[in-house]
Amino acid sequence: MMAMLSLTLAFYLQSGPTLDALNEFARKRDVKSLATFSIGDGSEFRVLRGGAYDVGRFGWKVLALEPAFTKRKFVVFTTPLTSQDTGELLFERVGGKLKFVSELDLEPIRLGRHKLSMKFSTAEKSVSIVDDVAATVQEQIKGDVTSFRFSPCYKVSAISDGRSPVPFTQVGGVVMVPRPATNLTYSISYKGTVNLPLYAGAISPNNVTLTNDYWYPLVNRWPTTYDLTVEHPAEWEVIAQGNKIESKLSKGGVETTYKMDLPAVYWSFTVGKMRHIETDLDGLRHHMWSTNLTEDKMRYQPRFNAHILNFYSRSFGAYPFKQWGSLDSPTYGGGALEAYSFATYGEGWLPDADPHEPAHTWFGGILPNTYLRSFWNEGFAVWSEGFYERECALGSTEDRRAAFIKDCRASEDYNAAPLLASGVSIGGPASSLGYGKSGDVLAMLEQLIGTSNLLDAIKEWVRVHPKGTPAEWEEFEAIVLRRNQSLALKDFFDDWFCRPGFASVSVTGLSYTPGRLSGRLKWNGAKYRMPLELWMENGSGARQSVMLDTKECAPDGSFTIGVLGFTPKKIYFDPHHRALRDGASPRFDSFGDATRGMKVYRDPATASYVKCYEGNLKELADLDKVLIVGHPDTTPKMKELCVKAGFSVKGQNLTFRGTTIDLTKAGAVALVDLGEGKRCGIALGKCDLSPKLGKAYVGLCDDIGRMLRGSTRFPLNASALPL
Ligand SMILES: [Zn+2]
């Protein structure tokens, strides 16, 4: 068998692999055998094992692409696509080998503004589009052909240059045309059968969702602007990117036009019969669309969104549209997808405060990302979530900083590639590196340079980035380095972006002499430039933290930190795990974690209290693992529990740590220790949605669950080091 296989491979190496052979290897996801045909190192096949967002789950097929207008021969590895993941793999046959044509290899044309007009048939589950798109010839790029990329469910029927037809060959979603002689406007007619609910686009009798798919031609995933006109039934809602220009009556119902002036790589679009509310808040028009949520539920969402967008506008730069919207979609699936002027969510999530998708307006929108080189913008969106929760100026910022402190988590996936080379082609680890490591590295950078310096760098990046070009880590790095020269951060970027992995570090030999804390870092593996937090505890149990920048350590790892006005007796090494290193995550025993799954007792006398907790426990006997919704006046057991929680309740006024709330307008929750390992939860006041207290175990929240005050414990599993 072995000899036969080698003979077969040797044969292919001379004449080039047959389609049958390629299909067999692709079906088996035999990356190793396929790599032997590659002119490069074969790493382009790695993604066949699974894309970052599961592209490839329907299997791969290999088809020949041999247009009549060129002598060159190509093959396409095709599979149904979902956006922000790998595209189809295009190869040119060169000798007996395959030369990968990456979406990163610049094509001889670049697309400009698109003008699309769209019609659909729900009965056929189809959409028909004519796109007039400007193309500029890139003189410096050689080649007699160029390609547009669609999702393979879209089939092009005609392309013209305005005067005559343009020859083309489509295989999968790759549409090849001859290199044009001059700049031109292509008119591309195409039609798609759209039927991949919970993965990409989907059309049902009352809803057309093209989101999460390539329903428009892309070249090099270059960001572009567009105008879109769609014909639809009069009572349907159009949810499109950018600003709405007009809706007017047409033969088939209504024709609505949107103008998207922010160049974007990833386009979202839904039209359908659904509930819609809109309201003006803080100078923006806020929308919410849903098929299945009640209008009462939908009304909460604009309040969350307005506060988040307002905060980001102040922090990163002005929001570029006149409106924002949240779409609660029955076909999107799990999670959500940003569209820069709105976001699409799978059902069961909203209403909720989501600081992630709106952050993409800046990180992915104003600063576009192709996802081909890294998921850098996911790191910024994840970092923004924590940044919003900590600094959003709702209630006590000090309490928020403690409750929403970010812990870093190492993952074996971080060894797969350096951040600078962690795009879609590496498959699954691209997500871990984007959402996980990138966000953690930004949080460490924030510790090193301070929040305001990080924000200044972001603002500059947003301001100076050339509009309509993809943004990358290197551009951000250059800005941070230039703005923070005294910190000499080059080694930070080299350590965290240019090589894979994470830190493994501990501290030994701690000693304290008046005014000086000394010790030595022990690296298990590579050294990193990073912030490391040391928490000192004095004789009376008070704690204070100091940050060690590892750049300050001697070559043998030893360090000395000046300590004034505090006499430590014990030291905790990075107890909140704010450094990206191995080791256990901190445990906090938060109200949210501890009350999940508790039985709920609701006092009928306070039926309007904390509505998000539904329960039918009839009486209060054993309080262990019970969440009680009530008021001390009508639920006598609440008296003692409120005292234990630190709540002083008089009528509808509740005071906690000096802050008084009106229980008809805000809520209070706490995890109460009952002794002998037993505990219960208490909840009172007006809070219609789940209280979001982060790591806090007790606190106050507003009527939609946003934290106003909260107390957070020191990590329960932090272990003290002797001095
Ligand atoms: Zn995201």
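**Reading the labels**

Modeller: Let's start with a contact in this predicted model: the side chains of Lys490 and Asp494 form a salt bridge, 2.8 Å from N to O.

Biologist: Why is the contact between Lys490 and Asp494 called a salt bridge?

Modeller: A salt bridge needs a Lys or Arg side-chain nitrogen within 4 Å of a carboxyl oxygen of Asp or Glu. Lys490 and Asp494 meet at 2.8 Å, so the pair qualifies. Both residues sit in helix 12 (residues 490-497), four residues apart, about one turn of the helix.

Biologist: What makes Lys490 and Asp494 partly exposed?

Modeller: Buried means under 20% relative accessible area and exposed means over 50%, with partly exposed in between. Lys490 has 43% and Asp494 has 29%, so each of them lands in the middle class.

Biologist: Which residues do salt bridges with shared partners join into one network?

Modeller: Those are Arg113, Asp227, Lys259 and Asp261. Over the whole structure, the search finds 45 salt bridges.

Biologist: How do you know that Glu124 and Lys191 tie together separate parts of the sequence?

Modeller: First, they do form a salt bridge, with the closest N and O atoms 3.1 Å apart. Glu124 is in the loop between strand 5 (109-121) and strand 6 (126-137), while Lys191 is in strand 11 (residues 184-193), so the bridge links parts that are 67 residues apart in sequence. Glu124, at 47% relative accessible area, is partly exposed, and so is Lys191 at 39%.

Biologist: And what about Asp399 and Arg657: how many residues apart in sequence are the parts they tie together?

Modeller: Their side chains meet in a salt bridge at 3.0 Å, N to O. Asp399 belongs to helix 8 (residues 397-403) and Arg657 to the loop between strand 35 (653-656) and strand 36 (659-662), so the linked parts are 258 residues apart in sequence.

Biologist: Is Asp399 buried or exposed?

Modeller: Buried: Asp399 has 4% relative accessibility, and the cut-off for buried is under 20%.

Biologist: Let's turn to the metal. What makes His356, His360 and Glu378 donors of the zinc ion?

Modeller: A donor is an N, O or S atom within 2.8 Å of the metal. The NE2 atoms of His356 and His360 and an OE of Glu378 lie 2.0 to 2.1 Å from the zinc ion, so they meet that limit. Along the chain, the donors follow the spacing H-x3-H-x17-E.

Biologist: How do you know that His356 and His360 are buried?

Modeller: His356 has a relative accessible area of 8% and His360 has 0%. Both values are under 20%, so both histidines count as buried.

Biologist: Now the domains. How is the chain divided?

Modeller: It has domain 1 (2-101), domain 2 (109-273), domain 3 (367-497), domain 4 (505-573) and domain 5 (591-711). The C-alpha centres of domain 2 and domain 5 are 52 Å apart.

Biologist: Why do you say the largest pocket lies between domains?

Modeller: Domain 3 and domain 5 both contribute lining residues, so the pocket lies between them. Its volume is about 1100 Å³. It has 42 lining residues, and those closest to its centre are Phe404, Asp593, Arg596, Lys692 and Gly694. Helix 13 gives the largest share of the lining, five residues. By class, the lining has 18 nonpolar, nine polar and 15 charged residues.

Biologist: What makes a space a cavity and not a pocket?

Modeller: In a cavity a 1.4 Å probe fits but cannot get out, whereas a pocket is open. Four cavities of 30 Å³ or more are counted here. The largest has a volume of about 60 Å³, and its lining includes Tyr258, His287 and Trp289. That lining has seven nonpolar, five polar and no charged residues.

Biologist: Which domains line the second largest cavity?

Modeller: Domain 1 and domain 2 each give at least three residues to its lining. The volume of the second largest cavity is about 50 Å³, and its lining has four nonpolar, one polar and four charged residues.

Note on methods. Residues numbered from 1 in each chain as written. Predicted model: local features only at pLDDT ≥ 70, side-chain atom pairs only at ≥ 80, totals over all residues. Heavy atoms only, no water. 1 Å grid on protein atoms, 1.4 Å probe; cavity = no way out; pocket = protein on both sides within 12 Å on 5 of 7 lines; lining within 4 Å. Points joined across faces, edges and corners; volume = space filled by probe spheres on them. Helix = DSSP H or I, 4+ residues; strand = E, 2+ residues; numbered from the N terminus. Nonpolar A, V, L, I, M, F, W, Y, C, P; charged D, E, K, R; others polar. Domains from an automatic or database assignment. Donors = N, O, S within 2.8 Å, 3.2 Å for Na, K, Ca; no water. Buried < 20%, exposed > 50% of the residue type's maximum accessible area, 1.4 Å probe, protein only.
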